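I opened the notebook to look up cores and ring contacts.

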Amino acid sequence: MISTNPLMIYSTLSRRKEVFKPVHEGRVGMYVCGVTVYDYCHIGHGRTFVAFDVIRRWLEARGYQVTFVRNVTDVDDKIIRRAAERGISTLELTREFTAAMQQDMASLGCLPPTYEPHATDFIPQMLDLIRTLQDKGLAYVGSDGDVDFAVRRFPGYGKLSGKSLDDLQAGARIGIGQGKRDPLDFVLWKKAKPGEPHWPSPWGEGRPGWHIECSAMSCHYLGKTFDIHGGGPDLIFPHHENEIAQSEGANGVRFANYWMHSGPLRVRAADGTEQKMSKSLHNFWTIRDALSETDGKFGAGNGAEVLRFFLLRTQYRSPISFNTGLIVDAHKALTRLYEALDGAQGDGRPLDWEEKHAAAFARAMDDDFNTPVAIAQLFELATEINRTKDPALVRQLKGLGGVLNILQRDPAVFLKGAVKGLDEEEINRLIKERSDCKKSRNFARADEIRAQCLAQGIVLLDTPQGTTWRRS
């Protein structure tokens, strides 16, 4: 057994850590809001999805059977505008960026979801939900033909975000042309406009509002009440607040038992201030940009693991700063762990959860998935391995890393990393020349070759089996 500790999860709804008790013994239903597929994913998306990937992995390591649902929003104002700008259909656009999103998530080491529903495949379920809300007096047809949710008719609106109706009323207004009865109300079904995708409904041709899709899809796969609903911090209000109103208003039962949200990602500017990642501030990094730059610095395939490790060094609820200097620090730290594994062999036995480092790792993960504290145990193991070369500790380090989906590459490959100016063939040629020089007692030339390699960022390592190399 991994742990006899209770699993504690911080819920945004209760604003405290709670003991996790699943709806169904041994099973976990988990819904994480996905992306609107009109552009490439940015590193903020990566932060959220890596966090929930690790949460899922720990639940599975604890023995739970996890049903993980992550939706794809493939009908939205942004999608319609972008498709029109490019002169292609919304279907062509969303297929392109859905595939790109899936590639990005796989690059960051995220498991594919159990189900990945597309909003446009669930129009009938959304219509049923809207019809139920209308029958209960929680939805109405506005003067503009849209179907809107009557916020004031749902008791408890604002319980997730902590916003009162009075606070919301102070900043609300009804825009020109809107047919809402109340500025707080939100749209469930939009009346069709020329040139936009649309579907038949009891209220005429139209398309769904943003919030209704997640209520319909989560209920379809996980039931009216399920365990964990998650997403980024920007989704707490209005998206998740509105999901609660729709779902609980229609079904009359609690929607999700635990609401989990990742912390914000900020970009540290040159003057030390932190800014929101934004295209307008020219500090916007797509995951693809980040992978290209880190692979260039640290070696093809290494960049993704460095990025994942960087994201895991901060607890998932905490704010995280992002700049290239911090990525370099993460690479140095990850290199220390790989150096401990380089040339070391484990004993081939299963991970021992009673061993002190693994037990401390489990306690940290059971405390609201505290990855930085868990990772600290990896560094303690690395220190012990460097001192003792104990195969049991090597097994523990690699096994615990595997729970987080790090440290699974060949250490020698990771440590060679990116090589600028010298390719591997040239390095091996210099190693052979140096070996020949040492045999002929031309130590001056041998030292010169070592210095030449070091100047190019290549460290030569002499071992009883011969000379190897890695990136400095």
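**Cores**

I started with the largest nonpolar core, which has 85 residues. W58, L59 and F361 touch the most other members of this core. I keep in mind that the model is predicted.

I then looked up the contacts of L59, leaving aside its neighbours within four places in sequence. L59 is in contact with L7, F20, V28, M30, Y64, V66 and I228.

**Aromatic pairs**

How many aromatic pairs does the structure hold? I noted 17.

I picked Y115 and Y221 to look at in detail. Their ring centres are 4.4 Å apart and their planes stand at 25°. Planes under 30 degrees apart count as stacked, so this pair is stacked.

Where do the two partners sit? Y115 is in the loop between α3 (90–107) and α4 (123–135). Y221 is in helix α6, residues 212–222. The pair links distant parts of the chain, 106 residues apart.

I checked how accessible each of the two is. Y115 has 38% relative accessibility and counts as partly exposed. Y221, at 26%, also counts as partly exposed. I needed the cut-offs here: buried means under 20%, exposed over 50%.

Y221 turned up again in an aromatic pair with F122. This pair is tilted, with 5.8 Å from centre to centre and 50° between the planes. F122 lies in the loop between α3 and α4 and Y221 in helix α6, so their pair ties together parts 99 residues apart in sequence.

Is F122 buried or exposed? I wrote down buried, because its relative accessible area is 6%.

**Charges over rings**

Last, I looked for charged side chains over rings. K163 lies over the face of F237, 5.3 Å from the ring centre. R317 has its charged end over the ring of Y10, at 4.1 Å from the centre of that ring.

Terms used: Residues are numbered from 1 along each chain as its sequence is written. This is a predicted model: local features need pLDDT of at least 70, side-chain atom pairs count only at pLDDT 80 or more; totals for chains, interfaces and linings use all residues. Side-chain values use heavy atoms; hydrogens and water are left out. Rings of Phe, Tyr and Trp (its six-membered ring) pair if their centres lie within 6.5 Å; planes under 30 degrees apart count as stacked, over 60 as edge-to-face and the rest as tilted. Helices (H or I, at least four residues) and strands (E, at least two) are DSSP runs, numbered from the N terminus. Buried means under 20% relative accessible area, exposed over 50%, partly exposed in between (1.4 Å probe, protein chains only). A charge sits over a ring if NZ of Lys or CZ of Arg is within 6 Å of the ring centre and within 35 degrees of the ring normal. A nonpolar core is a set of buried Ala, Val, Leu, Ile, Met, Phe, Trp, Tyr and Cys residues joined through side-chain atoms within 4.5 Å. Contact means heavy atoms within 4.5 Å.
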